[in-house]
Amino acid sequence: MSPSLNNIVSSLQRSGPLINSLIVALTISGQHLCSSSTFTCPCQVGKNFYYGSAFLMFPALILLIAGYALRNQTWTLTSEYCCSCGPSYRTISPREQRLACLRFFSITGRALVAPLTWLAVTLLRGTSYECAASEFASVDHYPEFENVTESKREELLAGFPCYSSAPIDVSLARDEVTLQHRFQSQMLGWILITLATIAYLVSRCVARCCSPLTPLQHHYWTNHLQNERELFEQAAEEHSRLVVRGRIKKLFGFIPGSEDVEHIRIPSSQDWREIQVPSLLCMGDSPQGQHYSFLGDKVVEDKEEDKPEGIELKP
């Protein structure tokens with residue numbers, strides 16, 4: 001990736017409102033696509049409610065889980081404060097706890113953008129709510145339903161979302177019930193949008209009031225975390241590349257792409273047995289300098305005499 005593209009991606013990641021706007025736009029597009037291509041009310045007794053509710057809630061739940069899972073800060077926060085394999089001697093100060101809470105609320109706020117957008121847009125469209133609520137409509141004041149049995153009434157109400165399923169003599173009741181359900185659904189959508197906006201403003205105010213940092217310190221801390229992550233990724237990539245190049249050279253006698261190849265080493269049978277089963281990377285404080293990788297179950301950097309001898313071919 002070119003430096004200019006890296007700068008663009010970095011600036012986009014730091015722009016919270018722009019990312020939120022992009023998430024909202026993608027969610028609205030996905031909801032419109034799903035509603036127009038996949039949503040079809042079954043119009044059957046006992047199925048409308050479950051189908052309409054599932055279309056309303058399940059995608060929102062999936063988006064919420066994805067919002068947490070796709071954030072690197074979620075796993076960073078989990079590793080730092082919740083992982084049991086962390087150093088037991090490390091104590092967390094009250095300021096660190098408050099900062100961790102602020103980071104968790106920030107992650108939650110970003111994760112809620114997509115599911116709340118899905119719920120609001122779905123309610124504003126009204127089709128899923130109309131399907132789910134069709135069986136519970138009150139039609140006692142319509143004369144067409146006075147001499148209708150209970151089972152027949154349930155069947156007629158379940159067919160209201162499907163215009164072709166309703167008889168002509170109940171078309172007036174069907175249209176009024178449909179308008180009523182659309183009205184209720186859109187009202188719930190606007191109420192949700194209003195509550196989400198108020199909650200966002202209140203959470204921002206509470207976060208700034210309870211934050212142990214001043215606005216300038218918070219800005220510096222945010223940039224510090226971003227720069228630390230970027231520099232760490234660059235250093236980790238370069239460091240791992242250098243370590244792997246050294247191990248590749250010890251295993252095969254040369255590094256791919258090198259022009260000064262003095263000899264080629266054929267790995268021994270023991271070498272191949274060691275690299276057949278990959279193991280984890282050891283990050284302990286052992287002074288022996290032991291490392292675990294895909295190129296050997298245990299590679300001891302300072303003890304070359306323990307390494308089985310292979311066959312070297314000099315060109």
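**Helix packing**

Me: In which hand does helix 3 pass helix 5?
Reply: The model is a predicted one. In it, the crossing of helix 3 with helix 5 is right-handed.

Me: How are helix 3 and helix 5 oriented to each other, by class of angle?
Reply: Helix 3 covers residues 48-69 and helix 5 covers residues 94-111. Their axes come within 8 Å and cross at roughly 140°. Angles over 145 degrees would count as roughly antiparallel. The angle therefore makes helix 3 oblique to helix 5.

Me: How many charged residues are in the contact of helix 3 with helix 5?
Reply: Helix 3 brings Leu-63, Leu-64, Gly-67 and Tyr-68, which meet Phe-104, Ile-107, Thr-108 and Ala-111 of helix 5. Six residues of this contact are nonpolar and two are polar, and the number of charged ones is none.

Me: How do helix 3 and helix 6 run relative to each other?
Reply: Helix 6 spans residues 113-125, and its axis lies 8 Å from that of helix 3. The packing angle is about 160°, and the cut-off for this class is over 145 degrees. Helix 3 and helix 6 are therefore roughly antiparallel.

Me: How many polar residues are in the contact of helix 3 with helix 6?
Reply: From helix 3 come Phe-55, Leu-56, Met-57, Pro-59, Ala-60, Leu-63 and Leu-64. Helix 6 supplies Ala-114, Pro-115, Trp-118, Leu-119, Thr-122 and Leu-123. Twelve of the residues are nonpolar and no charged ones occur, and the polar count is one.

Terms used. Residues are numbered from 1 along each chain as its sequence is written. This is a predicted model: local features need pLDDT of at least 70, side-chain atom pairs count only at pLDDT 80 or more; totals for chains, interfaces and linings use all residues. Side-chain values use heavy atoms; hydrogens and water are left out. Axes are lines fitted to C-alpha atoms, for helices over the stretch in contact, and angles run from 0 to 180 degrees between N-to-C directions. Helices (H or I, at least four residues) and strands (E, at least two) are DSSP runs, numbered from the N terminus. Angles under 35 degrees count as roughly parallel, over 145 as roughly antiparallel, 65 to 115 as roughly perpendicular and the rest as oblique. A crossing is left-handed if the near helix is turned anticlockwise from the far one by less than a right angle, and right-handed if clockwise. Contact means heavy atoms within 4.5 Å. Ala, Val, Leu, Ile, Met, Phe, Trp, Tyr, Cys and Pro count as nonpolar, Asp, Glu, Lys and Arg as charged, and the others, Gly among them, as polar.
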